[in-house]
Every structure is written in C-alpha cells, then in structure tokens.
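This report describes a protein chain for a reader who is new to structural analysis. Please look at the sequence and the structure shown here before reading on.

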Amino acid sequence: MTITFPKRFDENEAKKGVWFDVYDEHDNFYGSYLCRLYDNHNPITKMLVEKYNRVHRKALSGKEVSEDERGAHFLVHTILMDWKLKDDAGKAVAYSPEKAVEVLGTTDAQFVVEFLFKCAKNTANFRGADDAEAAQGEVAKN
C-alpha cells in the first residue's frame, strides 16, 4: 500500500526564496525583501534554526539587546536573504546581514519584521510556478 501526501510547498521556492513588497495600511512602501520559507517541518528551516542557535545566538549573549534587535537578528540569520531598499535620499542600500540587523532592529521597523515573519510562515507563498495563481490569491490575504 502506498500513501502519498500532497506537498505543502515547493521545495525549490522554499530554498531560493520569494520576494515580498511591504506596504502599510496607508500605502507607504517599506521595500522589497527576499525571504526563505520558515516552517518547522522544512529541513532547511530546521538546519538554519539549529545553526542560529549554535553560532549566532552566542553573538547576542551577554549583550544588552532589545527584543526588537533580537527579532531582527533572528529574521536576518534564518529567513531574510536580500532586499531592495532605498535610503531617505533615494539611494539603494546594499544588503548585508549586519546592515539588515541595524535597519530592522529599530522599533520603527517592527512592522516590517512582523510582516516578513508572517509571509515566510505562510506556505501558500511558496507554491512555485505551477501554483502561481493560487499563491497570488493567498498573498493578497496577508
């Protein structure tokens, strides 16, 4: 007897990531962010969380770090892969993990961090090209 369960997400999409544009309720644009899938049943997520706990968490131990900075640090080292972000003068800001923690670790950026976590946890956003229309419908609900 063979039982095959349907795939909850496209593994390739989960690895390479998906771009998310972040807007608030007033249509203010906060940039575009490339994020991996964050799912406890995904081997890549498990590996990244284990690596984070082994390597990156130590970087924060003993330091006085706010919850906002901790959340941004975790996001950057497990989910976020790249961004398209401009400074106040309209100049592109190059992505680096250090810069991302600095920018996203502020109180004003917590809307972005929470939004990206929500998007990364929604497997419907990582369905792949075959299910693009269904995934777009799910993205609109975010």
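## The nonpolar core

The largest nonpolar core has 33 residues, and of these Tyr-33, Leu-75, Leu-80, Leu-104 and Leu-116 touch the most other members. A nonpolar core is a set of buried Ala, Val, Leu, Ile, Met, Phe, Trp, Tyr and Cys residues joined through side-chain atoms within 4.5 Å. Buried means under 20% relative accessible area, exposed means over 50%, and partly exposed lies in between (1.4 Å probe, protein chains only). Two or more residues of this core come from each of strand 1 (18–23), strand 2, helix 2 (43–60), helix 3, strand 3 (80–86), helix 4 (97–104) and helix 5. Helices (H or I, at least four residues) and strands (E, at least two) are DSSP runs, numbered from the N terminus. Helix 5 gives the largest share of this core, seven residues.

Leu-75 illustrates the packing. Not counting residues up to four places away in sequence, Leu-75 touches Leu-80, Leu-104, Val-113, Leu-116 and Phe-117; contact means heavy atoms within 4.5 Å. In soluble globular proteins, nonpolar side chains tend to be buried together.

## Basis of the description

The model is predicted: local features need pLDDT of at least 70, side-chain atom pairs count only at pLDDT 80 or more, and totals for chains, interfaces and linings use all residues. Residues are numbered from 1 along each chain as its sequence is written, and side-chain values use heavy atoms, with hydrogens and water left out.

## Aromatic rings

The whole structure contains 10 aromatic pairs. Rings of Phe, Tyr and Trp (its six-membered ring) pair if their centres lie within 6.5 Å; planes under 30 degrees apart count as stacked, over 60 as edge-to-face and the rest as tilted. The pair of Tyr-30 and Phe-111 is tilted, because the ring centres are 5.3 Å apart and the planes stand at 50 degrees. This pair links distant parts of the chain, since Tyr-30 in strand 2 (residues 29–35) and Phe-111 in helix 5 (residues 110–121) are 81 residues apart. Tyr-30 is partly exposed at 27% relative accessibility, and Phe-111 is partly exposed at 32%.

Phe-74 and Phe-117 form a stacked pair, with 6.2 Å from centre to centre and 20 degrees between the planes. Phe-74 lies in helix 3 (residues 67–78) and Phe-117 in helix 5, so the pair ties together parts 43 residues apart in sequence. Both Phe-74 and Phe-117 are buried. Ring pairs also link Tyr-38, Tyr-52, Phe-74 and Phe-117 into a cluster.

## The largest pocket

The largest pocket has a volume of about 250 Å³. On a 1 Å grid over the protein atoms alone, a pocket is an open set of points where a 1.4 Å probe fits, with protein on both sides within 12 Å along at least five of seven lines; lining residues have an atom within 4 Å of a point. Grid points are joined across faces, edges and corners, and the volume is the space filled by probe spheres set on the points.

The pocket is lined by 13 residues, of which Tyr-33, Leu-85, Lys-86, Val-103 and Ala-109 are the closest to its centre. Strand 2, strand 3 and helix 4 each supply at least two lining residues, and the largest share, three residues, comes from helix 4.

## An exposed loop residue

Asp-27 is found in the loop between strand 1 and strand 2. Although Asp-27 is not a glycine, it has a positive phi of about 65 degrees. Asp-27 counts as exposed, at 63% relative accessibility.
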